[in-house]
Structure formats: structure tokens, C-alpha cells
Amino acid sequence: CHQYARGDKVSSIVAELMGRATGCAKGKGGSMHMYMAKNNFFGGNGIVGAQQPLGAGLGFAHKYKGDGGVAFALYGDGAANQGQLFEAMNMAALWKLPVVFVCENNQYGMGTAR
């Protein structure tokens with residue numbers, strides 16, 4: 001969904017899911033590692049909650065470059081209890097980084113009661 005919204009073609013996304021070299025990550029990332037740097041999309045991560053520190057790092061890069069950009073770090077509700085989320089948010093706040101943390105309540109937190 002996000003990969004498509006950032007401008008990738010359906011054929012490239014499906015090729016990635018099928019492990020084809022014509023995929024957005026050359027068929028090596030699968031569903032967890034969509035990537036499109038030219039459209040500033042740095043994709044998902046196979047580790048739950050690991051994209052928040054990446055988002056903070058991208059925010060740091062925007063601040064360092066002074067380009068006026070803002071990073072958006074999206075995570076599911078199942079990642080909301082990960083320590084790295086709080087660490088990334090704390091660093092972003094202390095350093096006044098241009099990053100927005102967005103929690104998607106997809107109700108898919110594995111191992112959590114409903």
C-alpha cells in the first residue's frame with residue numbers, strides 16, 4: 001500500500017513479492033523490505049518496531065542537511081511497546097528532529113490479547 005502510494009508501479013511491487021530481479025529491491029526484500037529511495041520511501045523492516053529508529057535517523061539527516069524535509073515513521077500497534085520506539089522518540093524530542101511517529105492501529109499485535 002505505502003509503496004504504491006509513494007509512486008511505485010504495481011508490476012514492480014508484485015515482482016518484488018515474487019522474488020524477481022525487476023522488483024523494487026531486486027527481488028531480495030520481499031514484502032518486508034520495500035524500498036524506493038528516489039521517492040524518499042525507505043520501506044519496512046523485518047524486525048518489529050525497527051523502523052522508528054530509522055525514521056529518527058532520516059529526521060536527523062533532514063535537520064543536518066537543512067533541506068526542510070520531514071520524516072514519517074509508521075508502525076503498527078503491536079510495535080508500540082518496543083523500547084526502541086521510546087528511545088527514538090526521546091532522541092527526536094531532545095534533538096528537535098523533524099520526524100512524525102504514526103501509530104497505525106491495525107489490531108494485528110501478535111501475542112497480545114484483544
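**Helix packing and loop residues in a predicted model**

In helix H2, which spans residues 10-17, the buried residues are Ser12, Ile13, Ala15 and Glu16. Around the helix axis they cover an arc of only 160 degrees, so they lie on the same side of H2. Helix H1, residues 2-5, is part of what covers these buried residues. After H2 comes Gly19, and the phi of Gly19 is positive, near 75 degrees. The model described here is predicted.

The overall layout gives the setting for this helix. The protein chain contains four helices and two strands. Along the sequence, their pattern is α-α-α-β-α-β. Along the principal axes, the C-alpha atoms of the protein chain fill a box of roughly 45 × 40 × 20 Å. The protein chain has 114 residues, of which 29% count as buried. Sequence separation was also examined for the contacts in the protein chain. Among contacts between residues at least 6 apart in sequence, 52% join residues at least 24 apart.

The loop between H2 and helix H3, residues 51-65, holds Gly30. The relative accessibility of Gly30 is 18%; buried means under 20%, and Gly30 therefore counts as buried. Which residues does Gly30 contact, leaving aside its neighbours within four places in sequence? The contacts of Gly30 are with Glu16 and Leu17. Glu16 is itself one of the buried residues of H2. A separation was also computed between Gly30 and Asp67. These two residues are 37 residues apart in sequence, and their C-alpha atoms are 31 Å apart in space.

Lys26 is also found in the loop between H2 and H3. Lys26 is not a glycine, yet its phi is positive, about 60 degrees. Most residues other than glycine have a negative phi. Is Lys26 buried or exposed? Its relative accessible area is 56%; the cut-off for exposed is over 50%, so Lys26 is exposed.

Lys96 is another residue other than glycine with a positive phi, here near 50 degrees. Lys96 has its place in the loop between helix H4 and strand S2, which covers residues 99-104. With a relative accessible area of 66%, Lys96 is exposed, because this value is over 50%.

The packing of H3 against H4 was examined next. H4 runs over residues 83-94. The axes of H3 and H4 come within 8 Å and cross at roughly 15 degrees. Angles under 35 degrees count as roughly parallel, so H3 is roughly parallel to H4. The crossing of the two helices is left-handed. Which residues meet where H3 contacts H4? From H3 come Gln52, Pro53 and Ala56. From H4 come Gln84, Leu85 and Ala88. By class, this contact has four nonpolar residues, two polar residues and no charged residues. Ala, Leu and Pro are among the residue types that count as nonpolar, so Pro53, Ala56, Leu85 and Ala88 belong to that class.

Key
Residues are numbered from 1 along each chain as its sequence is written. This is a predicted model: local features need pLDDT of at least 70, side-chain atom pairs count only at pLDDT 80 or more; totals for chains, interfaces and linings use all residues. Side-chain values use heavy atoms; hydrogens and water are left out. Buried means under 20% relative accessible area, exposed over 50%, partly exposed in between (1.4 Å probe, protein chains only). The arc is that of the directions from the helix axis to the C-beta atoms. Contact means heavy atoms within 4.5 Å. Axes are lines fitted to C-alpha atoms, for helices over the stretch in contact, and angles run from 0 to 180 degrees between N-to-C directions. Angles under 35 degrees count as roughly parallel, over 145 as roughly antiparallel, 65 to 115 as roughly perpendicular and the rest as oblique. A crossing is left-handed if the near helix is turned anticlockwise from the far one by less than a right angle, and right-handed if clockwise.
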